[in-house]
Structures are given as structure tokens and as C-alpha cells.
Amino acid sequence: MEDDFFGLLTTNKWPPRWVCGDWTSLHGWFYILSDLSIGLAYFAIPFILFYFIRKRKNDLPFVQIFWLFILFILACGTTHFVDAALFWFPAYHLSGTILFITGIISWVAVVGLVKVLPEALQLKTTDELETTVSTRTDELLASNKKLREINSDLDNFVYAASHDLKSPINNKEGLIAMLKSTDNKEVADEVFQKIEQSVSKVRHTIDQISSVVKIQRTEEQDIGEVFFNKVLEEVLEENVNLVETAKPQIIQNFAVDSIHFSHTTLKSIMYNLVTNALKYRSAERDLEIQVRTFSRENHTYLSVEDNGLGIDLSQNREKLFSIFSRFHDHVEGSGIGLFMVKRLVEKKGGDISVASEKNKGTTFTVKF
């Protein structure tokens, strides 16, 4: 065959490979079958890659690299088929042309790989992806848990708030009916006084509700170095009448003298714990309050211990930090102090625990 298209199929310038050299049948067919086997494998691989691309076309990265590999592998397979054909059909010009095209495709694939390599190295490994999924799952579970707690708090809050508002309103209705039915000025003055007390109670309840809503929404702006002794001093000064009445012996032991925290939040926590100790004191003994701080396992702790009335935790532990829960009725109280303390502490990633024995005293320990 001579002068074919570009001379690619010219065969008369070279002998077939069978007669070029001293081939035995064994060595010749060993060469030919190896070439055919490699060529078939090279042609099978692109079909598998093509199937893979079709199945993963929406989330497969670097698709263009897959197509370059398909071309590269097909070109390599073609060179092996042509090499086997040279034993009978010595078209060396065609063989050289195919090798040249294969070389170009090979280098295009190399350049493509170099370009995508930095981005490919950023892909996460299977272990990293599993870690990410695990982390996201934990975050989702924590969010769901928090959401359930908020919903539970909301239910309790609505129930307790409606109960605390309903009681004084019913009381006022009775007092107004009594006022309408009497002409006695002394009785009327007494009824008016009770109505004012009832109105004051409603206002107080509304203020409490506002405080609860505020701690759920407020972000602290006054974070800095806060000294425990200064905060305790402020709390005692603001409750000077209660302190003078209770006449407590206050023992301070601040092994950790300060903390990087919100001054307002720390003051609110200490305010509620100390005023509870002052209000729920025992009439059978002098009040003693120990306020101390200490450090343990990289955490700062604040504890407020008193020798007051104590709480029966076997019956009240579950509702101790619930909103509007009260365990002593002989003094004024809102029933939201411990609820607020727990929310404030947990909002900052801490925890609060309690140890108490009825008629012996109570210790609240806050972990920051």
C-alpha cells in the first residue's frame, strides 16, 4: 500500500515485525497477546470511568480530569493494538503518529493534574468528614436539647405567671365587691389598703416576669476582671436593712480573688444566693454565711453556705431551680431567684449544684 492519506498506512518501507529479527512463535505470540491484553484493559477502564461520571455527575469534583484520563487511557490502549498489528501490518508511520498524539494527551493530563492538585489537597479525608459529621450531629443534638428545655421553661413560665397574676386579680374582685356592699368608712379604708397591696403584688409579679425575659435575651456588655469581694460588698450594701435585721456573721475566703466575667451577671448570681441565705435564716441560731471561692481542674468555683432553714432535697430537688418555686412562705419571696441564677450560670457554660439538709443549712456551689 503506497501514498495513502498522509502516508500513515504506508507499509512497503519496513518489513513486518515477524520477519524483522529472529522471532520464535512462542516469543512472538507472547509479545502479541501481552499487547492485546493491555490494550483491552486500557479500553475497558474508560467505560468504567464513564459509568462512574454518569452516576456521580452532580457531586463529582474535577470532572474534566476524569475526561482527560479517559482520553489518555484510550490513546495508550491504541498504541498497544497498533504495536501488535505491526507483526503483520508494518505501518510504522501510523504507529509513530499515534505515539505522538498519545504523548500530547499525556502532557495535557499532566498539566491538568498540576492545576487541580492544590484544590484536591484541600479535600477532606473520610476520617475528617466523619469527624465533621459527628461534630455537626452533636451540635444539632445540643440545639435540640436546648430547644426542648426552652419549650419546657416557656410552658412552666406561662402556667406559673398566669397563676401568680390570677390570684391577686381574684382577690381584688372580692375586695371591690366588699367595697360596694359597705357604707362603713373604716371598712372601706381597710379594703382600699388591701386593694393597694394587691395591685402592688401584681406589679411585683410583672416586674419578675420582665426580669426573667430580660435574662433570656440580654447579652452582657460589661465583661472584664471582676473581684468577688467587691461584688459581695455591693450586695451587702444594697441589702443593708436585711443585713441589719439578720445580723449575720459573714465569713469570706476568696482563694480566687477575681474572674474574667460579666460584673452584672456575677452580681446577680451572688445577690440571689446571699439574700436567700439572709431571708431563710433559722430563728433557733445566729446566722452564719460563708462565701468562698476556690479553683479545681482549671475551673473557678463560688460557694455560698449558710446554717439556715435548709431544704428537703428528697422532695424538692427536681423543682428547686424551677420558676416561681418557693419552699418557705413566712418571708416575702419571688420564686425566681434560683431560676435566674441557674439560667445565668448555664448561659455562660457553667453549672450550679446544691447540698442541703432541713433545719441545718444549705450550700450552693457555682462552677464557672
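The expected span of a helix is 1.5 Å times one less than its number of residues. Keep that rule in mind for helix H8, residues 263–279 of this predicted model. H8 has 17 residues, so it should span 24 Å. Its end C-alpha atoms are 24 Å apart, which agrees.

H8 is mostly covered. Twelve of its 17 residues are buried. Among them are Leu 266, Ile 269, Met 270, Leu 273 and Val 274.

Which residue forms a salt bridge with Lys 267? The partner is Glu 234, with the closest N and O atoms 3.6 Å apart. This pair links distant parts of the chain: Glu 234 sits in helix H6 (residues 228–238), Lys 267 in helix H8, and 33 residues separate them. Glu 234 is partly exposed, at 25% relative accessibility.

The structure holds nine salt bridges. Another one joins Arg 285 to Glu 284, with 3.9 Å between the closest N and O atoms. Here Arg 285 is partly exposed at 27%, while Glu 284 is exposed at 62%. Glu 357 pairs with Lys 360, and their closest N and O atoms are 3.6 Å apart. Glu 357 is partly exposed, with a relative accessible area of 45%. Lys 360 reaches 56% and counts as exposed. Shared partners also join salt bridges into one network, made of Glu 234, Glu 238 and Lys 267.

Now turn to strand S4, residues 288–296. Arg 296 lies in this strand and is partly exposed, at 46% relative accessibility. The C-alpha atom of Arg 296 is separated by 9.4 Å from that of Lys 367, although the two residues are 71 apart along the chain.

Next comes the surface. Leu 9, Trp 29, Leu 33, Leu 36, Trp 88 and Phe 89 form a nonpolar patch there. Together they have about 570 Å² of accessible area. Where is Trp 88 found? It is in the loop between helix H2 (63–85) and helix H3 (92–121). At 48% relative accessibility, Trp 88 counts as partly exposed.

Last, the cysteines. A disulfide needs a pair of cysteine sulfur atoms within 2.5 Å. By this rule the count is zero. Cys 20 is partly exposed, with a relative accessible area of 42%. Cys 76 is buried, at 13%.

Key: Residues are numbered from 1 along each chain as its sequence is written. This is a predicted model: local features need pLDDT of at least 70, side-chain atom pairs count only at pLDDT 80 or more; totals for chains, interfaces and linings use all residues. Side-chain values use heavy atoms; hydrogens and water are left out. Patches are made of residues with over 30% relative accessible area and no salt bridge: like charges are joined within 9 Å, nonpolar side chains (Val, Leu, Ile, Met, Phe, Trp, Tyr) within 5 Å. Accessible areas come from the Shrake-Rupley method with a 1.4 Å probe; for residues, only the protein chains shown count as cover. A salt bridge is a side-chain nitrogen of Lys or Arg within 4 Å of a carboxyl oxygen of Asp or Glu. Helices (H or I, at least four residues) and strands (E, at least two) are DSSP runs, numbered from the N terminus. Buried means under 20% relative accessible area, exposed over 50%, partly exposed in between (1.4 Å probe, protein chains only).
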